[in-house]
Structures are given as structure tokens and as C-alpha cells.
Amino acid sequence: MQRIRLRYTKRGRLRFTSHRDFQRAFERALRRSEVPMAYSAGFTPHPRVSYANAAPTGTGSEAEYLEIALAEPRDPAVLRELLDESMPVGLDIIDAVEAHTSGLADRLTASVWELRLDGVEPGDAEKAVEAFLAAENVEVQRRTKNGMRTFDTRGAVVGLEVVPVTAATEADRPLDNACAILRLVVRHLTPAVRPDDVLSGLRAVADLTPPVPAAVTRLAQGLFDEESGTVTDPLAPDREAGTTAPPTAAVSADAKAPEGPAA
């Protein structure tokens, strides 16, 4: 059985796609592409697909991950192209590697987020960020299925800054008024601290209240490197292991095909 790990996006209007909607679209793409999926055992077998730490509905993402198990080996690059062609534009399959290591979910320990605050002056955002980072604790409340819960957001945040507006940001939504762009690096803790929780924290410590909802996009997720302060590519270990891994079963079979009888 071969395992393939995929990276996909949620762009544009497709950021409002729920995780369940994505699952349905992806399983349709698997059928259209005739991917030889491995199935679970039991009375109701289902394709062996593992989703890891999906972004909340309404947020965009450049770094969502999942893993599929195949009954027959396939070239990851070819598989990526086939699946991407079968997915809606915006839900794009942008990377694929064969899994040579375990624990993909364990390598998703932090995320980098971009928060676009339309109607907020960058100077006001910088003051709010300074107040947030200077605080030892920033408690906020969030409604859960068990009622309101109070928790600290400051401990999960390892980086928060105001960054310049880029050409890509302007292309995503034209700048008709003031706009502040925040870059947030947050650890995946329990309870999970989401970008909207940090925005609630900024409102609590500095009364920063954007006039319109923030546009939030996950730029990366992976292991947090304490030394460099960056979030690393979670698929890198599989790429590195793949350079020394033996050929797949399909390739080996071709290489060892018996020769015809001698003339």
C-alpha cells in the first residue's frame, strides 16, 4: 500500500467552503481521476483519507494537508495533476509527495496567518500589536458547544507584526481606504487559538475594532523552528527520505520483468 501526502488551497470565494464540502468535492475528484484507493475494513468501507488540522470555514489557506492510501502505486506528480484538474478552481492541489515517514499530523504544530484589516490605519494596528505583545496574558471568550469558555491567547502567539501591503494583497481586494496587514505565527495548543481569537485579544487590550470582518489566510503550517522562528515545510522529511528510498513496487516489477526465451 502506497501513501501520498497532498497540499491544497482554499482561495477566493472557496474560502467559505466548509470542511465537509471539501471532503465531498475531493472524494468526487478521486472517483473522476480513477485513483486506485485503498479502503477501510468493515460493513461500510470508505476511502482511506486522513485530513489534518483543517482551517475554519471562512478563512483562506495556502497550506492545507491530507494523506491518501492507494491500493496500487502511482507517480505523485501525475496524481496531483489529475486530482487538481478534477477539483473546483480555488480548491487547488498544489503539491504531492510519497509518504516515507510517519506522523504528518504531529508535524503540524504551528501556523502562519495573514490578517487583512480593511479600514484600519497601520499606525493604529502597530500600537495594538505592541500592547498585545507586552501583555503577559490576554484572555478572551469564545462560545463553544458547552457554553462560553475563557482562555488566554497570548501564550500561543510566537509572532505578531504589521507588514507592508504587497501587490498580491492589492490584487486580492483593491485598496479603497486604510488597510493594515498583520502577520501572525501561532502554536497549535489546546484549546486551539484561532486568528479571530487574537483579533478579540487586540480589541481587549487596545480597543482595535476593524469596521468590517478581517480577511484571514493561512500562509503556512508545520513544525515551529525555535532557533529560526519560522514554520517549516511538513512535507520536507518525505522529500528527503524519498531521494534514498527504493523504487515503488510498480517500478520494481517493471525492472524485474522476465526476459523472453532466448532465440
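**Chatting about a cavity and some rings**

Q: How much space lies in the largest cavity?
A: About 50 Å³, where a cavity is a set of points on a 1 Å grid over the protein atoms alone where a 1.4 Å probe fits but cannot get out. This is a predicted model, where local features need pLDDT of at least 70, side-chain atom pairs count only at pLDDT 80 or more, and totals for linings use all residues. Residues are numbered from 1 along each chain, and side-chain values use heavy atoms, without hydrogens or water.

Q: How many cavities of 30 Å³ or more does the search find?
A: One, in a search of the whole structure.

Q: Which residues line the largest cavity?
A: Y8, K10, T17, S18, H19, F22, A54, A55 and E64; each has an atom within 4 Å of a point.

Q: New topic: how are the rings of Y8 and F22 arranged?
A: Their centres are 4.0 Å apart with planes at 10°, so the pair is stacked (pairs need centres within 6.5 Å; stacked is under 30 degrees, edge-to-face over 60, the rest tilted). Y8 lies in strand β1 and F22 in helix α1, so the pair ties together parts 14 residues apart in sequence.

Q: Is F22 buried or exposed?
A: F22 is buried, at 2% relative accessible area (buried is under 20%, exposed over 50%, partly exposed in between, with a 1.4 Å probe and protein chains only). F22 also pairs edge-to-face with Y51, 6.2 Å centre to centre and 85° between the planes.

Q: And Y51?
A: Y51 counts as partly exposed, at 21% relative accessibility.

Q: Which residues form the aromatic cluster?
A: Y8, F22, F26 and Y51 form one cluster.

Terms used: On a 1 Å grid over the protein atoms alone, a cavity is a set of points where a 1.4 Å probe fits but cannot get out, and a pocket is an open set with protein on both sides within 12 Å along at least five of seven lines; lining residues have an atom within 4 Å of a point. Grid points are joined across faces, edges and corners, and a volume is the space filled by probe spheres set on the points. Rings of Phe, Tyr and Trp (its six-membered ring) pair if their centres lie within 6.5 Å; planes under 30 degrees apart count as stacked, over 60 as edge-to-face and the rest as tilted. Helices (H or I, at least four residues) and strands (E, at least two) are DSSP runs, numbered from the N terminus.
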